[in-house]
Amino acid sequence: VTYFYLVRRFVGFVFFYFVTDVVKSTSGTSLYYAAWSGDTLKQVQNYNQSQTDLVGSLGNVGQYMGPVAGIIFDIFGTRTACLVASVFNFLGYFLLYLTTKGNIAATGAGIQGFFLMISGLGSQILYLTALSSNVKVFPLAR
């Protein structure tokens with residue numbers, strides 16, 4: 001074992017840990033719902049409080065779909081699960097954006113909540129893949 005091998009291995013571990021921390025920090029984006037729900041949904045969509053709560057609750061349901069995320073991760077592996085999660089996040093937030101701006105004719109709090117639920121599931125899958133990858137790479141740090 002040479003010195004350069006150890007340095008390269010250490011740099012690889014630090015880079016891996018940094019990347020998984022970025023993935024874990026971005027997987028909680030649906031938790032910021034309270035920051036934009038008052039301005040966007042109540043004013044632009046003219047929602048009342050119960051409709052705003054419905055959208056937020058469905059987003060939380062997507063976050064709580066851990067067993068579905070685990071099944072996707074176990075069947076397809078880390079890379080494919082990250083790709084599926086990225087697609088879910090993009091589709092959920094992009095469709096939510098399009099319905100908020102009026103580019104899609106689908107209206108209603110249930111539709112927007114469903115889109116937020118899709119992005120919440122994607123966030124859950126991303127967090128699961130980052131966490132399980134850290135456990136596999138750093139087995140002594142459990």
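## Helix H5 and its cover

What covers the buried residues of H5 includes H2, helix H4 (66-76) and H6, where helices (H or I, at least four residues) are DSSP runs numbered from the N terminus, and buried means under 20% relative accessible area, exposed over 50% and partly exposed in between, with a 1.4 Å probe and protein chains only. The model is a predicted one, in which local features need pLDDT of at least 70 and side-chain atom pairs count only at pLDDT 80 or more, while totals for chains, interfaces and linings use all residues. Residues are numbered from 1 along each chain as its sequence is written, and side-chain values use heavy atoms, with hydrogens and water left out.

Helix H5 spans residues 78-101, and its 24 residues reach 34 Å from the first C-alpha to the last, close to the 34 Å expected at 1.5 Å a residue; the expected span is 1.5 Å times one less than the number of residues in the helix. The buried residues in H5 are Ala81, Ala85, Asn89, Gly92, Leu96, Leu98, Thr99 and Thr100. After H5 comes Gly102, whose phi is positive, near 90 degrees.

Two further residues of this helix can be described individually. Asn89, which is placed in H5, counts as buried because its relative accessibility is 12%. Leaving aside neighbours within four places in sequence, Asn89 is in contact (heavy atoms within 4.5 Å) with Ser119, Gly122, Ser123 and Leu126. Val87 also lies in H5, but at 40% relative accessibility Val87 counts as partly exposed; its C-alpha is 15 Å from that of Ser30, a residue 57 places away in sequence.

## Nonpolar cores

A nonpolar core is a set of buried Ala, Val, Leu, Ile, Met, Phe, Trp, Tyr and Cys residues joined through side-chain atoms within 4.5 Å. The largest such core has 9 residues, namely Tyr33, Leu41, Tyr47, Val55, Leu96, Ala109, Phe115, Leu116 and Ile118. Helix H2 (33-44) and helix H6 (109-137) each supply at least two residues of this core, and the largest share, 4 residues, comes from H6. A second, separate core has 8 residues, among them Ala69, Ile72, Ala85 and Ile125.

Ile118, a member of the largest core, is in contact with Phe88 and Gly92 when neighbours within four places in sequence are left aside. In soluble globular proteins, nonpolar side chains tend to be buried together.

Gly59 is placed in helix H3, which covers residues 49-63, and counts as buried because its relative accessibility is 2%. Not counting residues up to four places away in sequence, Gly59 touches Gly113, Leu116, Met117 and Gly120. Gly59 and Leu31 are 28 residues apart in sequence, with 8.5 Å between their C-alpha atoms.

Ser133 lies in helix H6 and, at 12% relative accessibility, counts as buried. With neighbours within four places in sequence left aside, the contacts of Ser133 are with Phe16 and Thr78.

A nonpolar surface patch of about 670 Å² is made by Tyr3, Phe4, Val7, Phe10, Val11 and Val14. Patches consist of residues with over 30% relative accessible area and no salt bridge, in which like charges are joined within 9 Å and nonpolar side chains (Val, Leu, Ile, Met, Phe, Trp, Tyr) within 5 Å; a salt bridge is a side-chain nitrogen of Lys or Arg within 4 Å of a carboxyl oxygen of Asp or Glu. Accessible areas come from the Shrake-Rupley method with a 1.4 Å probe, and for residues only the protein chains shown count as cover. Phe10, one of the patch residues, is found in helix H1 (residues 3-26) and counts as exposed because its relative accessibility is 56%.

Ser25 and Pro139 are separated by 114 residues in sequence and by 21 Å in space, C-alpha to C-alpha.

## Loop residues

Tyr32 has its place in the loop between H1 and H2 and, at 54% relative accessibility, counts as exposed. Tyr32 and Gly56 are 24 residues apart in sequence, and their C-alpha atoms are 10.0 Å apart in space.

Asn46, in the loop between H2 and H3, counts as exposed at 62% relative accessibility. The phi of Asn46 is near 55 degrees, a positive value in a residue other than glycine. Most residues other than glycine have a negative phi.
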